[in-house]
Amino acid sequence: MGPRLIPALLIVLTSAGLCAQEAPFTEVPGLKEKALILEIVARVIERNETEAWSTENTKVTIPGRAVILKLVGKNVIVLAQFTPYQREDGKTFLVAQGQVWIDTPQQGLKYQSTIQTIPINYGEQVLFFPLGNQTKEGQAQIEIQLELRPFDKKNTPQEGQDTKSGDTNK
Amino acid sequence: MGNMCPDKSLLSLYLDGELPSPWKEKLETHLLHCGSCQIQAKKLQGLHQDLHTLPCPPMEVIQAAQKRVWQQLAVKIKEGQGNSQKHRFSWNRPVAIPLPAAIAALILVALVASLAGPLLFSPGNGASHLPVARINTEVQNIVPVSNIENLVQYLEMQAATADIVIIKLPETQNFVPAGQPTLLKAVEYQGRKKP
């Protein structure tokens, strides 16, 4: 193999790999029928339990494939994975895995991890509180609302993010 | 004797007058045409006649013969018992168990089975109430590679560019831990009123 051919081959292989990644798996026959939509609403709950900020996301996945969410704040990073799966009896479950790194003046940098499973029906809303849900006066909290439904290409909004307030990026 | 010839036992039955119709008539027709069966029938008839015409032996001879047979049988039985005792001692002999002891044994067996059964047969040491994930998604040719080496590279590339939703939280907020991470249904959450 000549030295000129190697870079050309690398370019071809890389572009082939990238094209393969960009192809949505819902276009693959056999996976489209199994695809699920996970609607995610991340909220910041301020004092008096009012919603200070929220952002909405829609992700398409299949049973067993995790939707990964990373929330980056001033003193916190939350890495959450939500994996829907269906049992043989047809019941659907959602597995939530969370890793939290939080820096507080009192405790310093703290790491916390969790994994929890909950039965979920299509259209049912589930809440995940990565920092806990025991809100105290004057402390902001993170709430992640999740809703699962079967994939329907006609009525499915494009994957993406819609933020009501605050700066976000994807 | 040809293939269609009757069995010797049928011939014997016929000669003893014990073969019923229609087999009797069929056999008679066969005997008219089959030489080998005629010979066989004559032999059996001769034996039959000999048995009836032979003089009866004296009683002493009969008794001596019986004695010899019984002695030989006794020796055979003793040898047979010696061999079978090695293998069938506990199985062939009836064992008498008192009724209260038998009942107590049954209760003990039932108790042990009820205690040990769930431990032995439940999957995951009694964690059967937990949901078990069985995801059987089998789709061919979804990865554009043909061998394991390329697959490893492909998966590494996928991991590097994993589809992660990154959300930047408001800079103005400071967060504090508020208990353990919690996953629950929205209808069960009473902490906050919906906006």
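Two strands count as paired if DSSP finds at least two bridges between them. Keep that in mind on this tour of a predicted model.

**Stop 1: the sheet.** Select E6(A), E5(A), E4(A), E3(A) and E1(B). In that order, these five strands form an open sheet with mixed pairing. Now look at the edges. They are strand E6 (108-119) of chain A and strand E1 (164-168) of chain B, each pairing on one side only. From one strand to the next, the twist averages 15 degrees.

**Stop 2: where the chains pair.** Select strand E3 (residues 67-72) of chain A along with E1(B). They run in the parallel sense, paired over five bridges. Pick out Ile68(A): opposite stands Ile164(B) of E1(B).

**Stop 3: the largest nonpolar core.** This core has 32 residues, and those touching the most other members include Leu71(A), Ile142(A) and Phe175(B). E1(A) gives the largest share, five residues. Next, click Phe82(A). Among the residues it touches are Leu38(A), Val67(A), Leu94(A), Phe128(A) and Ile144(A). A second, separate core holds eight residues, including Leu11(B), Leu19(B), Leu27(B) and Ala41(B).

**Stop 4: two helices of chain B.** Select helix H2 (residues 23-33) and helix H3 (residues 35-53) of chain B. Their axes come within 6 Å and cross at roughly 110 degrees. Angles of 65 to 115 degrees count as roughly perpendicular, so H2(B) and H3(B) are roughly perpendicular to each other. His30(B), Leu31(B), Leu32(B) and His33(B) make the contact from H2(B), and Gly35(B), Cys37(B), Gln38(B) and Ala41(B) from H3(B). By class, that is four nonpolar, four polar and no charged residues.

Notes: Residues numbered from 1 in each chain as written. Chains lettered and ligands numbered in written order. Predicted model: local features only at pLDDT ≥ 70, side-chain atom pairs only at ≥ 80, totals over all residues. Heavy atoms only, no water. Axes fitted to C-alpha atoms, helices over the stretch in contact; angles between N-to-C directions. Helix = DSSP H or I, 4+ residues; strand = E, 2+ residues; numbered from the N terminus. Parallel < 35°, antiparallel > 145°, perpendicular 65-115°, else oblique. Contact = heavy atoms within 4.5 Å. Nonpolar A, V, L, I, M, F, W, Y, C, P; charged D, E, K, R; others polar. Core = buried A, V, L, I, M, F, W, Y, C linked by side-chain atoms within 4.5 Å. Buried < 20%, exposed > 50% of the residue type's maximum accessible area, 1.4 Å probe, protein only. Lists of a residue's contacts leave out its neighbours within four places in sequence.
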